[in-house]
Amino acid sequence: MDLINQPLPWYVAGPLIAITMLLLILVGKNFGMSSNLRTICTALGANKTCDFFCFDWKGQRWNLLVVFGAIIGGGIAFNYMSGGNAPEISQEIINELKTLGFESAGNSYLPVELFGKGVFSSVKGIFILLIGGILVGFGARYAGGCTSGHAISGLSNLQLPSLIAVIGFFIGGLAMVHLIFPLIF
Amino acid sequence: MKSIVYLVIGIFFGMVMLKSEAASWFRIYEMFQFKSFHMYGIIGSALALGVVFIQLIKRFKIKTFNGEQIHFSDKNKSIYRYLFGGVVFGLGWALAGACPGPMFTLLGAGFLPIIIVIVGALLGTWIYGLLKDKLPH
């Protein structure tokens, strides 16, 4: 019973993600979350602005249901399975983050400095989250997939383009954390 | 009926994302600092098993639950779009600490500021659609 309140170790989480992909393949679909962003854009009317959004978005209803499920799953895990506990990151990382101004490191699931309610009144905070989101949305569509579509689905199918994309993910991520973070935090 | 299947798969995925801490900004930061094996273990073990699943499906011509053939289409060959797109995605992934699955999971968990990230991601997708023909692919 105590088990559901523990964080999932990597060797359980990874296989469960692979099973998510397998289930979607076995129901005749595929595992890729970022296509939902395009679907939502079209549903909101982006098809009036350019051809890229002219497709039958209702054919993607199944994936919207998956993402709606992911919202519910997040709520269940957070509220009933102690999903909001602080990850056990190393003391070294905690100290490093504190020098960058992340006092909540080691005490919360997400940094309060970026995801606490106070961020709504911080221009810098809103800016960081908005830019982060824009880069994720733009990059995922440009690359034709995100972590699920390329790093899991594409690499599982031994696709070279997905390997190039994942190498890109890491170049971008490393540049952000090592070169840009010291400038903005 | 099928709707429920998709919903349940999504719920399962959302729970895994939150409970594995793959939806935590701190875990993403730690990954890009190479200070912990956690995220690499998650992606690596998902991949190892994923390769086996797909090979088994191909080798034994396994069909969907409905008895349909399973097709795996190869991705178009190119370097530019995957590399440039990938780098842009990586910059955002590290900054917002969330990729397109977990950002919805975090919304469900009640972290309301993630709405700003989701709005940004929709805007970014839209901007890509507007600029698509001008970008090298």
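I take helices as DSSP runs of H or I with at least four residues, and strands as runs of E with at least two. The model I am reading is predicted.

**Chain A, overall**

I counted elements first. Chain A has eight helices and zero strands. Read from the N terminus, the order is α-α-α-α-α-α-α-α. I then looked at the extent of the C-alpha trace. Along its principal axes, chain A spans about 50 × 45 × 35 Å. Burial came next: 51% of the 185 residues of chain A count as buried. I also checked sequence range. Among contacts in chain A with a separation of 6 or more, 44% join residues 24 or more positions apart.

**Helix α6 of chain A**

I checked the length of this helix. It covers residues 123-143, which is 21 residues. From first C-alpha to last, α6(A) reaches 30 Å, close to the 30 Å expected at 1.5 Å a residue. I looked just past its end. There G144(A) takes a positive phi of about 75°.

**The A/B interface**

I turned to chain B. I find 101 of its residues in contact with 107 residues of chain A. Which elements of chain B give two or more residues to this side? They are α1 (2-19), α2 (25-32), α3 (38-59), α4 (80-96), α5 (102-108) and α6 (114-131). By class, the chain B side divides into 62 nonpolar, 28 polar and eleven charged residues.

**α2(A) against α6(B)**

Helix α2 of chain A, residues 35-43, packs on α6(B) at an angle of about 80°, with the axes 9 Å apart. Angles of 65 to 115 degrees count as roughly perpendicular, so α2(A) is roughly perpendicular to α6(B). I listed the residues that meet. From α2(A) come L37(A), R38(A), I40(A) and C41(A). From α6(B) come A121(B), L122(B), T125(B), W126(B) and G129(B). I sorted this contact by class and got six nonpolar, two polar and one charged residues.

**Nonpolar core**

I went to the largest nonpolar core, which holds 98 residues. Which members touch the most others? I17(A), F89(B), M103(B), I114(B) and V117(B) do. The element that gives the most to this core is α4(B), with ten residues. I followed I114(B) further. Not counting residues up to four places away in sequence, I114(B) touches F115(A), A98(B), M103(B), L106(B) and L107(B).

**I116(B)**

I located I116(B) in helix α6 of chain B. Is I116(B) buried or exposed? The cut-off for buried is 20 or more other C-beta atoms within 10 Å. I116(B) has 23, so I116(B) is buried. Leaving aside neighbours within four places in sequence, I116(B) is in contact with I126(A), L129(A), L130(A) and G133(A). I also took a C-alpha to C-alpha distance within chain B. I116(B) and A96(B) are 20 residues apart in sequence and 9.9 Å apart in space.

**I25(A)**

I25(A) counts as buried because it has 21 C-beta neighbours inside 10 Å. Its contacts, apart from neighbours within four places in sequence, are N30(A), I57(B) and I70(B).

Note on methods
Residues are numbered from 1 along each chain as its sequence is written. Chains are lettered from A and ligands numbered from 1 in the order in which they are written. This is a predicted model: local features need pLDDT of at least 70, side-chain atom pairs count only at pLDDT 80 or more; totals for chains, interfaces and linings use all residues. Two residues are in contact if their C-beta atoms, placed from the backbone, lie within 7 Å. Ala, Val, Leu, Ile, Met, Phe, Trp, Tyr, Cys and Pro count as nonpolar, Asp, Glu, Lys and Arg as charged, and the others, Gly among them, as polar. A residue is buried if 20 or more other C-beta atoms lie within 10 Å of its own, exposed if 12 or fewer, and partly exposed in between; C-beta atoms are placed from the backbone. Axes are lines fitted to C-alpha atoms, for helices over the stretch in contact, and angles run from 0 to 180 degrees between N-to-C directions. Angles under 35 degrees count as roughly parallel, over 145 as roughly antiparallel, 65 to 115 as roughly perpendicular and the rest as oblique. The expected span of a helix is 1.5 Å times one less than its number of residues. A nonpolar core is a set of buried Ala, Val, Leu, Ile, Met, Phe, Trp, Tyr and Cys residues joined through C-beta atoms within 7 Å.
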